[in-house]
Amino acid sequence: MINLMKTEMYKLIRNKTFWVLIVSFTGLSVLLHCLILTDWWFMSGTEFDEAGLSELNALSPFKTLLFFNLIVSTLAGYYISTEFSQSNVIKNQMMSGNKRTTILMSKYLTFSFGSWIVVIMIPLATALIVVHLLGFGDIFTLATIIYLGRAYSLFILHFLSFTAIVLLIAIVTEDSGKTIIFTLLLSIMMFVIEKFSTLPFINKMYEHTFFYQLNEAFKVSITSGEMIKSILIGIVSLGIVMLCGIFIINRKEIK
Amino acid sequence: MNEYILKTNQLSKKYRSNFAIENINVTIKKGDIYGLIGQNGAGKSTMLRLVTGLAFPSSGAIELFGDDNPKQLTESQKRMGAIIESPALFTNMNAYENLEVQRLQKGIPGKDCIKNTLELVGLKDAGKKKVKDFSLGMKQRLGLGLALLSDPEFLILDEPTNGLDPMGIVELRELIKKLNREKGLTVLISSHILSELHQLATHFGIIHKGKLLEELSSKELDEKCKQHLRIKVDDSSKGATVLERYLSTTNFEVMQDGTIKLYNYLDDVRIVSRALTDYGLIIEHLSQNGDSLESYFSKLIGGVDHD
């Protein structure tokens with residue numbers, strides 16, 4: 001597993017798409033934070049507003065599924081899918097004498113790490129830096145730090161389920177374009193259910209998915225029961241998706 | 001002692017209702033260079049994909065290094081190196097980086113193996129050139145390097161001469177022979193370039209339409225392909241005596257059906273026929289026979305087509 005993790009990290013570091021995403025999202029994040037903090041752009045009604053962290057409003061787009069799915073699916077397409085299609089280098093890995101489940105796990109962990117860097121770490125780090133540089137450092141009190149810690153911890157848990165699903169899409173489709181399109185369709189479907197569904201059963205089901213919990217993670221006030229429920233949904237979802245992944249990879253024939 | 005590296009037992013692979021390979025029984029002993037011969041679409045690559053674990057058999061069993069437990073196959077594959085169909089390479093990386101990826105995923109300690117492999121396959125001067133700028137031959141060499149990096153005991157090569165120039169083909173052949181001779185490397189090599197395989201392999205498996213038609217050693221094949229005069233006379237024992245006494249040769253065989261295979265006098269057929277008739281024998285048949293590997297293969301698969 002360690003060898004495979006090292007291999008995946010070696011490949012991720014040399015992946016052009018990963019670096020393009022890092023550079024472009026660092027730039028975008030810095031720009032958004034600067035625009036918000038200098039009042040060139042105004043956002044309101046966000047969870048950060050409610051938490052007294054309106055200076056961090058620029059983080060809102062980065063935690064929106066319809067936005068970050070594009071980043072995650074692009075990375076999956078050009079880091080995971082291409083190994084199955086263009087170069088077919090997955091053959092070497094499958095013939096290397098490593099168990100397929102281990103190969104899947106190493107890919108998942110590295111891909112999730114890469115996605116975490118672009119979607120979560122970069123926006124958050126640039127926010128902290130820009131906020132401090134522009135003299136708004138006093139917004140960070142113990143209460144706001146606890147809020148951010150709790151919100152991002154829950155968000156990361158559910159984000160891990162999302163990266164697991166995107167990884168599966170990438171492995172099944174074996175095509176970068178299809179990976180992006182199917183992930184986008186999934187995200188749009190979840191958005192439509194969240195905003196427009198009037199069927200109580202569907203709504204109830206949706207509330208028990210990690211898609212819903214991705215937003216709930218940033219609620220300012222959350223009860224212990226809601227937090228435990230959120231954690232359980234995250235863990236169970238991740239477990240189910242990974243079991244599906246193990247089932248698929250162990251039956252997949254490599255062309 | 002016969003130590004088997006690969007044994008397949010009634011190995012079959014079915015795609016929907018069509019068999020890609022059917023009931024294949026192949027045996028490869030340690031130190032063999034096994035040439036798998038077949039036309040395009042005969043099932044060679046399918047068989048190699050099953051052995052390397054890229055695909056799963058519909059029925060039958062694979063025994064690698066004496067272990068036929070499917071769960072242990074992955075472990076056994078650590079002792080193998082393979083190129084299936086085309087070399088799988090990261091085109092945005094150079095040769096060194098590609099080998100480094102392979103080294104990491106195979107868990108090979110130390111980086112010396114990379115330099116040694118680059119030298120072995122003639123790519124030590126490739127430098128920082130990306131694989132996307134490599135020629136087909138260079139890619140093939142790098143693919144071979146990936147397969148050899150872990151110093152495998154069993155090497156599987158699927159059409160390895162594709163894209164190689166004549167010198168490259170000779171170098172590859174010499175390299176395989178050298179590794180086989182010096183390290184006892186066992187090789188399973190598939191090709192439809194029969195003349196190439198003929199110079200390299202110690203054993204052959206002839207596969208056609210998913211079925212293994214024949215398995216034979218190079219000695220047996222040479223024997224079958226050997227040029228000879230096929231003589232049928234009314235009295236085969238007398239014919240043999242004539243050949244021995246009056247043509248002073250023992251380089252012949254009397255077959256069960258009475259046919260005599262004479263391996264010399266190939267350019268002096270008249271002398272043979274005169275000697276036989278002079279001693280009162282009636283020649284029923286006299287012809288020059290013998291095949292190249294190509295014609296032997298053609299006959300073999302042609303025979304199946306008529307069945």
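## A loop residue in chain A

A:Gln86 sits in the loop that connects helix H4 (65–84) of chain A with helix H5 (90–94) of chain A. In this predicted model, A:Gln86 is classed as partly exposed because 14 other C-beta atoms lie within 10 Å, a count that falls between the 12 or fewer of an exposed residue and the 20 or more of a buried one. Although A:Gln86 and A:Glu47 are 39 residues apart in sequence, their C-alpha atoms are 43 Å apart in space.

## Nonpolar cores

The largest nonpolar core holds 133 residues, and those that touch the most other members are A:Leu75, A:Ala76, A:Leu167, B:Leu142, B:Ile156 and B:Val187. Helix H7 (residues 142–173) of chain A supplies the largest share of this core, with 17 residues.

The surroundings of A:Leu75 can be listed in detail. Once its neighbours within four places in sequence are set aside, A:Leu75 is in contact with A:Thr17, A:Phe18 and A:Leu21, and also with A:Phe111, A:Gly114, A:Ser115 and A:Val118.

## Where chains A and B touch

Contacts between the chains involve 22 residues of chain A and 26 residues of chain B. On the side of chain A that touches chain B, the elements that give two or more residues are helix H1 (2–13) of chain A and H5 of chain A, and H1(A) gives the most, with six residues. Sorted by class, this side of chain A has six nonpolar, nine polar and seven charged residues.

## Domains of chain B

Chain B is divided into domain 1, covering 4–222, and domain 2, covering 227–289. Taken over C-alpha atoms, the centres of domain 1 of chain B and domain 2 of chain B are separated by 45 Å.

## Strand pairing around S1 of chain B

Strand S1 (residues 4–15) of chain B pairs in the antiparallel sense with strand S3 (residues 27–29) of chain B over three bridges, and one of the pairings sets B:Lys7 against its bridge partner B:Thr27 in S3(B). S1(B) also pairs with strand S5 (residues 59–64) of chain B, again in the antiparallel sense, over five bridges; here B:Leu6 has B:Leu64 in S5(B) as its bridge partner.

A further antiparallel pairing, of four bridges, joins S1(B) to strand S2 (residues 18–24) of chain B, with B:Lys14 standing opposite B:Phe19 in S2(B). The hairpin of S1(B) and S2(B) has two residues between the strands, and in this hairpin B:Arg16 takes a positive phi near 55°.

## Two sides of helix H4 in chain B

Within helix H4 (residues 112–120) of chain B, the buried residues are B:Cys113, B:Ile114, B:Thr117 and B:Leu118. Viewed down the axis of H4(B), these buried residues fall within an arc of 135°, so they line one face of the helix. An α-helix has 3.6 residues a turn, so residues three or four places apart point the same way.

B:Asp112, B:Lys115 and B:Glu119, on the other side of H4(B), are exposed. The cover over the buried residues of H4(B) includes helix H3 (95–106) of chain B and helix H5 (136–148) of chain B. Just after H4(B), the backbone at B:Gly122 takes a positive phi of about 75°.

Key: Residues are numbered from 1 along each chain as its sequence is written. Chains are lettered from A and ligands numbered from 1 in the order in which they are written. This is a predicted model: local features need pLDDT of at least 70, side-chain atom pairs count only at pLDDT 80 or more; totals for chains, interfaces and linings use all residues. Domain bounds come from an automatic or database domain assignment. Two strands pair if DSSP finds at least two bridges between them. A nonpolar core is a set of buried Ala, Val, Leu, Ile, Met, Phe, Trp, Tyr and Cys residues joined through C-beta atoms within 7 Å. Two residues are in contact if their C-beta atoms, placed from the backbone, lie within 7 Å. The arc is that of the directions from the helix axis to the C-beta atoms. Ala, Val, Leu, Ile, Met, Phe, Trp, Tyr, Cys and Pro count as nonpolar, Asp, Glu, Lys and Arg as charged, and the others, Gly among them, as polar.
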